[in-house]
Amino acid sequence: MRRIAMATLMVAGPLSGLAAPARAQIQPPPADIGARYIPAPWWMREPVIASLGSVRVDLPANRARFTVRFSAVERESTAAAAAATRKVASLDAALRATGADRVRLTTTLGTRPLYDQYRDKAGNLVDNERADRIDRYEVTATIEIEVRDIAALESTYNSVLAAQPTSIGTLFFTLEPDNRTRAALANEAIRDATRRARTAAEASGARLGQVKIIDPTARVCRTDVLAGWPSYSGGTRPTLVEAEQLGEGAPPPPPPPAPPPPPGSGQTAARVTLQPPVRSLDDEACVVFALL
C-alpha cells in the first residue's frame, strides 16, 4: 500500500504543474484600462532605461513582375488555341533559356466566344449570346513573368517587346531581402538602441549598467507603464543606415545584352532601358539597460 501511495504522489506533482499554464492563460490582465496604478514589470524594480532602436536602409528593388498576353481569333476554338500557342512558343523558349532561377514563367490559356451581333430598336449593337450564334473564338495566352535576377530584366523586357504581344501589363518592382541582409539590419537596430541609450544616459549624467533585456521584436519598448496600459501608437524616427554597412555596397553586374528577337516577329522592337526603383527596409529592436 505504501508503494502505491508514493507512486500516486509522484504522478500528481507533474500533473499539477501542467495545469498551471492553462489556468494562467485565462487570468485577467494585471490592471484595467485607465486604472490609476498598475504593477510595474520586473525590470523596473531598479532605475533602468528602455531604448528603442529604429533603422532604415534604402536598397534597389531586386524583383520585377509583369504580364504579357497574346490573342488569336479563329472559327474553331482548337484553331484559335493553336494560333495563340504558336505566338507564345518562340518567346517562351527564349525566356526559359535564361534559366528558371533568373526568370520564372507561368502560362495560361483563356477562351472567349464571339457572338453574332444585331441592332436593337435604338440602333445599338448587341451580342446575340446564344450557343448557336457563336461566330468565332478568341483564345488569349497569358504569361506571368517574374524576374528574380534584376540583371536579366532589360533583356527579358526587350525580348517581350520584340515578340509583338497583344498587350503588356504594368511592370511592378518589389524588394525581397535575403536572410543575410535581414540579419545584418536586425543587428544594426540593436546597435542603434545601444547608441541611443548611451547618449541619453550621458546627457542626464548617468551611466549605463548591465543589459536587462534584448528584445528584437521591440515589443518591450511599446509598453507605456506610466500611461497605465500598453501603448502601441507612435514611433521613433529611424536612423538611416548605408547599404555598405549591410554588405550591400557592391553594384550589381551590368545586364547581359538582349538576345535577338524571336524568329517570325517581323520587325525589331525599340529597346527600353529600365532602372529598378529604390525601396526602404525597416527594423526595430528594444534594449533595456540598468542605470548607475
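A disulfide is here a pair of cysteine sulfur atoms within 2.5 Å. The close-ups below show a predicted model, in which local features need pLDDT of at least 70, side-chain atom pairs count only at pLDDT 80 or more, and totals for chains, interfaces and linings use all residues. Residues are numbered from 1 along each chain as its sequence is written, and side-chain values use heavy atoms, leaving out hydrogens and water.

**View 1. Cys221 and Cys286 are joined by a disulfide.**
Searching the whole structure turns up one disulfide. Its S to S distance is 1.9 Å, and the link is right-handed, with 70° about the S-S bond. Strands (E, at least two residues) and helices (H or I, at least four) are DSSP runs, numbered from the N terminus.

**View 2. Four strands form an open sheet in the order 9-13-1-12.**
Pairing, which takes at least two DSSP bridges between two strands, is mixed in this sheet. Strand 9 (208-215) and strand 12 (239-241) are the edges, each pairing on one side only. Strand 1 (residues 48-60) and strand 13 (residues 278-291) run antiparallel over 13 bridges, and Val48 stands opposite Ala290 in strand 13.
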